[in-house]
Amino acid sequence: MNAASFERYEGMLKVTGQARYEGEIIPEGMLHAALIESSVASGELQGLDASRAAALPGFAAIVTHTDAASLKPSAANALIRETAVHFHGQPVALVAADTLAQAREAARAVQVSITAKPALTQMDQALSSAYSPATVGRFPAASRRGDSSKALDDAEHVVRNHYVTAVNNHHPLEPHAVVCWWENGKAVVHTSTQAVFGTRAVIAQAFDMQAADIRVLARFLGGGFGCKGQLWWPWMLWAMLASRKAGRPVRLELSRAQMFTLVGRRQETAQDLALGFVDGRLTAIEHDVVAQTSSHAEFSDSTAVYTRFLYACPNVSTHHRLVRTNEPQPVPMRAPGTAPGTFALESAMDEAAELTGIDPLELRVRNFADHDQESGRPWSSNSLLECYRVGAERFGWAHRHRQSATQLDRWKIGLGMATTLYPAIRQACRARVSLSRDGSLLVQCGTQDMGSGTYTALAQIAADALGISMEKVTVELGDTSLPDGPFSGGSQVTASIFPAVEAATSKLRAALVRAAVAKATSPLSGKPTDDLEFRDEMIGSRSSNAGERLVDVLARAAPDGLEAEGESPATDHQNLAATGMGYGAIFVEVGVDTGLGEVRVRRVCAAFAAGRIVNPLLARSQYIGGLIGGIGMALHEQTVTDRTTGCILGKSFADYLVPVHADMPEFDIAMIEEDDPHLPGGVKGIGMLGTAGIQAAIANAVYDAIGKRIRNLPIRIEDCL
Ligand code: MOS
């Protein structure tokens with residue numbers, strides 16, 4: 001297909017308020033829900049007295065662990081079935097009432113009795129209890145290739161450092177919400193999720209229901225970043241129980257403060273990294289990660305996994321450990337694993353460049369891995385060297401001055417660079433296309449659009465395949481009554497849906513081509529089928545001007561319209577012939593205010609290679625969005641837990657800083673074309689690529705400006721004074 005920069009399919013619907021978010025669905029007789037939260041970080045719920053609350057006006061129902069006892073147990077719903085309190089702010093009950101104000105007042109009137117237990121509220125209190133998980137995501141938690149310890153002893157240059165990254169929260173503009181009801185034992189659940197089918201599976205398991213009796217909808221999302229892909233908001237099930245109990249629809253929407261505690265977080269990491277070099281070539285890498293997980297469930301990012309293969313190195317050992325604390329549950333968040341992992345690795349590479357006297361870019365080029373050394377497989381495609389070349393050229397890397405050479409008034413200017421990467425993955429899925437008599441096309445897939453362009457990509461791929469204009473295409477997403485769509489996460493949606501839509505449209509094309517050539521009076525009669533193409537709402541001959549209108553052929557082939565489904569396979573990680581990986585090279589210029597210590601990113605130039613680009617306009621937007629997320633992690637975002645109470649401090653945008661327009665640098669984005677023969681459709685994910693690497697690039701630029709190595713994120717003003 002041809003790449004084309006169409007604007008967002010649903011853009012106008014969103015900016016004019018016509019796009020209905022699931023939390024905006026208001027069914028007749030709907031109740032509003034409020035959660036009652038624990039004020040201790042660890043303890044046991046002894047009892048709840050709702051008698052005063054029940055007498056208040058508007059009160060309809062209270063739901064607690066007792067009601068949830070009817071659910072089938074699973075790790076995903078343990079928090080709502082049990083009386084154990086694992087973190088400050090954990091809900092212990094849900095109250096539903098006629099209005100939100102009444103629900104909140106009734107929630108306040110419930111007498112809650114919890115006995116407190118000693119709590120571990122910070123990772124550093126519990127380092128001695130660190131343990132190794134079995135896996136980190138789909139990877140082994142530990143790896144060993146060669147003998148890194150001996151190679152470090154023998155190395156000519158060694159960089160050995162400790163890196164720390166803070167807890168971050170996702171904070172999509174649209175918070176989590178659910179509006180749910182029951183109809184004759186069947187459930188309808190409108191909820192802001194990155195996975196309607198995954199959510200349906202959780203509900204089916206908990207309520208022991210047939211999946212077909214549950215409909216989950218998420219047709220428009222105001223962002224996700226990972227927190228809506230996870231099933232760690234079991235309070236949605238409480239809302240469903242409340243609806244069943246009261247016999248009315250129930251709406252629960254989380255507050256911004258609750259978004260800090262109830263829907264996951266990027267885990268804190270402490271990383272020890274050692275690099276050994278001989279002759280400017282990596283001979284040894286050791287990367288050990290300790291990260292926080294909650295006291296009730298295990299999660300580990302794949303933080304050191306990418307260190308196993310980003311550079312050529314014969315001796316590599318990596319290790320992940322976890323520490324359980326009485327804090328909220330970590331989940332994947334914007335470039336999970338690669339963001340914290342590349343911060344350590346790419347910061348250390350910058351130090352190595354200085355130590356070995358080799359330019360940071362040249363050092364990376366010298367240590368380029370020409371195949372995946374961890375699996376022994378070739379890359380499906382790898383244009384990292386081209387990213388380095390193009391990025392450096394556009395940024396002007398060769399003309400830079402070293403170390404604090406540039407000063408503008410109070411500002412010291414520094415330059416830095418780093419590498420980013422993200423695996424190309426796919427999920428099995430299906431899509432349906434239906435061509436109507438009037439030539440309009442309906443494309444249906446039960447995936448979601450987080451705001452990153454899924455509607456647009458689907459419309460484009462289908463329109464391109466049938467040679468019709470985008471205006472003729474309607475796309476339906478975010479509904480379990482549609483064909484199984486992929487989970488919107490892991491930067492895999494476009495790569496996943498591409499083959500399914502191609503397969504579905506090629507069935508339509510085959511039927512239409514048959515009908516076109518079969519009719520004696522058609523201008524295409526008797527033409528060889530490989531001479532025919534779909535263009536401009538026609539089926540036309542490549543070799544002559546002959547052609548027939550698509551609607552006329554359709555009228556013969558199928559007067560009531562044509563429908564077809566297509567499927568995509570999942571990535572079979574065990575049996576891959578080649579490792580699929582997207583790469584990028586990120587160059588930044590920062591200014592550091594020598595009086596105030598403030599760091600400002602002045603310029604970002606990034607070159608990315610991620611297979612086939614379907615829509616350059618939206619790809620650029622995704623890259624910039626990713627880079628901004630990375631700037632946030634580097635300079636702004638930090639969720640802080642109070643050591644004594646375990647309460648998250650400053651649960652608002654007044655205290656949790658995110659980059660705003662005034663923080664935006666100039667972005668120069670280069671996209672390197674790749675023709676990847678191994679990946680179906682040639683598509684790799686792009687969403688996460690911009691969010692990693694830039695943290696280290698910024699830290700390296702800060703060093704270039706003021707000569708301070710900062711090895712903790714976020715980089716704070718006091719680090720730079
Ligand atoms: Mo993601 S962090 O897989 O939405």
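At 1.5 Å a residue, the 12 residues of helix 8 (residues 235-246) should span 16 Å, and because the end C-alpha atoms of helix 8 are 16 Å apart, the two values agree; the expected span is taken as 1.5 Å times one less than the number of residues in a helix. This is a predicted model, in which local features need pLDDT of at least 70 and side-chain atom pairs count only at pLDDT 80 or more, whereas totals for chains, interfaces and linings use all residues. Residues are numbered from 1 along each chain as its sequence is written. Helices (H or I, at least four residues) and strands (E, at least two) are DSSP runs, numbered from the N terminus.

- Helix 8 is mostly covered, with 10 of its 12 residues buried; a residue is buried if 20 or more other C-beta atoms, placed from the backbone, lie within 10 Å of its own, exposed if 12 or fewer do, and partly exposed in between.
- The buried residues of helix 8 include Trp 235, Trp 238, Ser 243 and Arg 244.
- Just after helix 8, Gly 247 takes a positive phi of about 70°.
- Phe 225, which is placed in the loop between strand 13 (214-217) and helix 8, has a positive phi near 65° although Phe 225 is not a glycine.
- Phe 225 counts as buried because 26 C-beta neighbours lie inside 10 Å.

**Domains**

- The domain assignment, which is automatic or comes from a database, gives domain 1 (13-118 + 172-255), domain 2 (269-425 + 575-719) and domain 3 (426-570).
- The C-alpha centres of domain 2 and domain 3 lie 38 Å apart.
- Between these two domains, 17 residues of domain 2 are in contact with 17 residues of domain 3, a contact being two C-beta atoms, placed from the backbone, within 7 Å.
- On the side of domain 2 that touches domain 3, the residues divide into 11 nonpolar, 5 polar and 1 charged, where Ala, Val, Leu, Ile, Met, Phe, Trp, Tyr, Cys and Pro count as nonpolar, Asp, Glu, Lys and Arg as charged, and the others, Gly among them, as polar.

**Strands 21 and 22**

- Strand 21 (residues 441-444) pairs with strand 22 in the parallel sense over 4 bridges, and two strands count as paired if DSSP finds at least two bridges between them.
- Gln 444 has Glu 476, in strand 22, as its bridge partner.
- In strand 22 (residues 473-476), Val 473 and Val 475 make up the covered face, while Thr 474 and Glu 476 make up the uncovered one.

- An open sheet of 6 strands has the order 9-17-16-15-10-32, with mixed pairing.
- Its edge strands are strand 9 (142-145) and strand 32 (712-713), each of which pairs on one side only.
- Strand 10 (residues 157-165) runs parallel to strand 32 and is joined to it by 2 bridges, with Val 164 standing opposite Asn 712 of strand 32.
- The peptide bond from Leu 713 to Pro 714 is cis, with omega near -5°, and Pro 714 lies in the segment after strand 32.
- Glu 718 is also placed in the segment after strand 32, and counts as exposed because it has 7 C-beta neighbours inside 10 Å.
- Glu 718 and Glu 598 are 120 residues apart in sequence, and their C-alpha atoms are 8.7 Å apart in space.
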